[in-house]
Amino acid sequence: MTSSNPPEMSDQSRSILSVLERMSVLLSEAGVDPHPDAELLLAHVLGESRGRVQVLALMGTELTEPQHDAALELAATRAERIPLQHLTGKAAFRRLELEVGPGVFVPRPETEIVTQFALDALAAAADPHPIAVDLCTGSGAIALSLAHELPTAEVWAVEKSREAHAWAERNVDTYGDGRVHLMLGDAAEARTLLDPLAGRVHVLVSNPPYVPSGMVPREPEVRDHDPELALYSGADGLDLIRVISVVARDLVTSGGTLVLEHAELQGSAIRRILSADGWRATATHQDLTMRDRVTTAVR
Ligand SMILES: C[S@@+](CC[C@H](N)C(=O)[O-])C[C@H]1O[C@@H](n2cnc3c(N)ncnc32)[C@H](O)[C@@H]1O
């Protein structure tokens, strides 16, 4: 006779491995990739890192009943396609852990590459205190990363949505170091809002809304939880980019750089817009998955 547990016993096991397994089933059935979500949700419950959860799992650690219940409840909520970052309240972006939640766009990995282009151009500026502007800052992800990774930089960030601006304010309080100046306003008014910076900006970067209005994203996390203002921008998705191209021309110094994130198939249209507005050296670059996702130009 073998001595294995009856199935109902192992179903109730509170070992981390067993709970992760049950969380993974819930997530997979809802079409959510359980890796890394199950471990990240459990890490959130335990107040530990994901790596520590993996170690505890290998050590055969048992959860307490409240931890067990909280973990399975979170997995069930995530299975309703609520974004992971809305459940943990955090989004990792480059070296920062930003506060996010309903009302603000969750920063994405591809924007880390966009930020790198802006950072490289900012670091190359001859000025000992280079100036950057981040239009459509959302959670403040790009602006805060620039300031954090280049401690000589001064950064201005503009956001139109009051809700998103409130999230950015919290992140600026945590990471701004007194060098990120956050403004509530429309990117279209940036020339007026940032009047003292006219002709002095070394890098103007933006991850604006760029989804064509007819192209509703399929993922429920994006479609139902990212704010509409963060996604859509006219029939071809380029309405705000057209505006930014003109506004940025007056703000950026001669030889300064414009960095724009966009969708995979928009590179050539954006290069045409920028060239027509007098930008030089327009170039489109790929992200880590080899998709055209960022266009740069020189004033
Ligand atoms: C795609 S999200 C990017 C947010 C952030 N930069 C990031 O990369 O995570 C676009 C952001 O632009 C803001 N936005 C949309 N239209 C705007 C406008 N006319 N002026 C300023 N911000 C705007 C949205 O509220 C949203 O926060």
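Predicted model: local features only at pLDDT ≥ 70, side-chain atom pairs only at ≥ 80, totals over all residues.
Here Ala, Val, Leu, Ile, Met, Phe, Trp, Tyr, Cys and Pro count as nonpolar, Asp, Glu, Lys and Arg as charged, and the others, Gly among them, as polar. The shell around the ligand divides into 15 nonpolar, 6 polar and 3 charged residues. In total, 24 residues surround the ligand, and C136, G138, K160, A187 and N207 are the closest. Two or more residues of this shell come from each of the elements α8 (141-149), β4 (154-159) and α12 (228-231).

The protein has 14 helices and 9 strands, and its C-alpha atoms fill a box of roughly 80 × 40 × 35 Å along the principal axes. Of its 299 residues, 42% count as buried. Among contacts between residues at least 6 apart in sequence, 67% join residues at least 24 apart.

In soluble globular proteins, nonpolar side chains tend to be buried together. In the present model, the largest nonpolar core has 65 residues, and A118, A132, L146, L204, L251 and V259 have the most contacts inside it. One of these, A132, touches A118 and L146 along with L122, A153, V155, V201, H202, V203 and V205, leaving aside residues up to four places away in sequence.

Methods:
Residues numbered from 1 in each chain as written. Near = placed C-beta within 6 Å. Helix = DSSP H or I, 4+ residues; strand = E, 2+ residues; numbered from the N terminus. Core = buried A, V, L, I, M, F, W, Y, C linked by C-beta atoms within 7 Å. Buried ≥ 20, exposed ≤ 12 C-beta atoms within 10 Å, placed from the backbone. Contact = placed C-beta atoms within 7 Å.
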